[in-house]
Amino acid sequence: MTAPLVVFDKVQKQFDDFTAVKELDFEIREGEFLAIMGPSGCGKTTTLRMLAGLEAPSTGEIRLNGQVMNDVPPHARDTPLVWQSLALFPFLTARENVEFGLKMRGVDAAERKARALRWLEKMGILEFADRDISTLSGGQKQRVALARSLVMEPQILLLDEPLSALDAHLVIRMQAVLTDLQRELGITFVYVTHSQSEAFAMADRVVIMGNGKIAQIGTPKDIYRAPANQFVAEFVGRNNILTGTVSRVAQDTAQITTPSGDFTVPMNDVTLTQGQTASFVISADLVHIAMDHPTGDNTAQCRLISEEFVGSMVTLFLEDAQGQDFKVQMQERELSRFDLKGADGIWLSWDTQSAHVLNER
């Protein structure tokens, strides 16, 4: 197994008496697309800034290719950063912006022009090479910022919420640009975002952070279907979370008694004991609806609170008699088979294996 490209070894960052990042221990693999996400103030941008050399760890080590980088200044690292604000020079053309880093490294004029034009062509904006930055659209500026970083041919590229200022249709387009580039070049991308859709669409692995700590690291599918704890389950996706007492334990299942009823959960990778408090999660897209009482171990009767349409997908927000919230996500064409408006109650059900027992918060 090859050595990791980057290692965070018990890294902590304090600002006066505030601890922004608490003992980070994780690795970044060569050639992977790693996304770091979490709510505002969770420490994700501080983590990226430490990797870029803009902040120094208070304790612990950051190693790049086995070399301790704690005190290495940004200009001496091979870790360019694409900023949320893009930080392009407004008084330079697109080509001159791309050339800037090469100029600072003493590359001669002819070579840096040729390399800049090659990257602008690769980004699909060669025709705008001599345009002032102020005349370019948001998506075009984004491509200039990427070209400015990639023209340095770095081993790792850092991106700090680079798509947050773009319109929704441009975000989708730029996601495709980024993933295609990363696969073509084999460069390691470390991408900070608060957007689940961006992280899950592009990343090989996702780091979920909360309160300065890592809550879970895994593939998008693993995190979505098997959140490690309640924080991740609440942060990621449209999840239903129920809490109760373990009332029965069988060979590979258990029964959890909640205010909303008794529910059966699998014990694939957890150990439950009778009498303990436990929580479990069911993804909204794994819950079924019916107008009549369905068969099975996991059912709940609810009333419809509201609906949210996003294109062909709809999310139903429901509540049972005990005040437990439920969410159901389905295709609009499936929903059209039901007359929910005139219903006195809507029955929900899910397969036992669809439930996932959470570890403690």
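I began with a definition: I call a residue buried under 20% relative accessible area, exposed over 50%, and partly exposed in between, with a 1.4 Å probe and protein chains only. I also noted that the model is predicted, that local features need pLDDT of at least 70 and side-chain atom pairs pLDDT 80 or more, and that totals for chains, interfaces and linings use all residues. Residues are numbered from 1 along each chain as its sequence is written, and side-chain values use heavy atoms, with hydrogens and water left out.

**Entry 1: helix 2**

I took helices (H or I, at least four residues) and strands (E, at least two) as DSSP runs, numbered from the N terminus. Which residues of helix 2 are buried? I found A94, R95, N97, V98, E99, G101 and L102. These buried residues pack against helix 3 and helix 4, where contact means heavy atoms within 4.5 Å.

**Entry 2: helix 2 beside helix 4**

I looked next at how helix 2 (residues 94-104) meets helix 4 (residues 138-150): their axes come within 7 Å and cross at roughly 30 degrees. Axes here are lines fitted to C-alpha atoms, for helices over the stretch in contact, and angles run from 0 to 180 degrees between N-to-C directions. That angle makes helix 2 roughly parallel to helix 4; the cut-offs are under 35 degrees for roughly parallel, over 145 for roughly antiparallel, 65 to 115 for roughly perpendicular, and oblique for the rest.

Which residues make the contact? From helix 2 I listed A94, N97 and V98, and from helix 4 V144, A147 and R148. By class, I wrote down 4 nonpolar, 1 polar and 1 charged residues. Nonpolar covers Ala, Val, Leu, Ile, Met, Phe, Trp, Tyr, Cys and Pro, charged covers Asp, Glu, Lys and Arg, and the others, Gly among them, are polar.

**Entry 3: salt bridges**

Side chains of opposite charge can pair when their charged atoms come close. I counted a salt bridge when a side-chain nitrogen of Lys or Arg is within 4 Å of a carboxyl oxygen of Asp or Glu. How many does the structure hold? The total is 13.

I looked up K13 with E55, whose closest N and O atoms are 3.8 Å apart. K13 sits in strand 1 (residues 6-15) and E55 in the loop between helix 1 (44-52) and strand 4 (59-64), so this pair ties together parts 42 residues apart in sequence. Both K13 and E55 are buried.

Then came R95 with D130, at 3.5 Å between the closest N and O atoms. R95 belongs to helix 2 and D130 to the loop between helix 3 (109-122) and helix 4, 35 residues apart.

**Entry 4: two glutamates with positive phi**

I finished with E153, which is not a glycine but has a positive phi of about 50 degrees; E153 lies in the loop between helix 4 and strand 7 (156-160). E161, not a glycine either, has a positive phi of about 45 degrees, and lies in the loop between strand 7 and helix 5 (168-185). At 11% relative accessibility, I filed E161 as buried.
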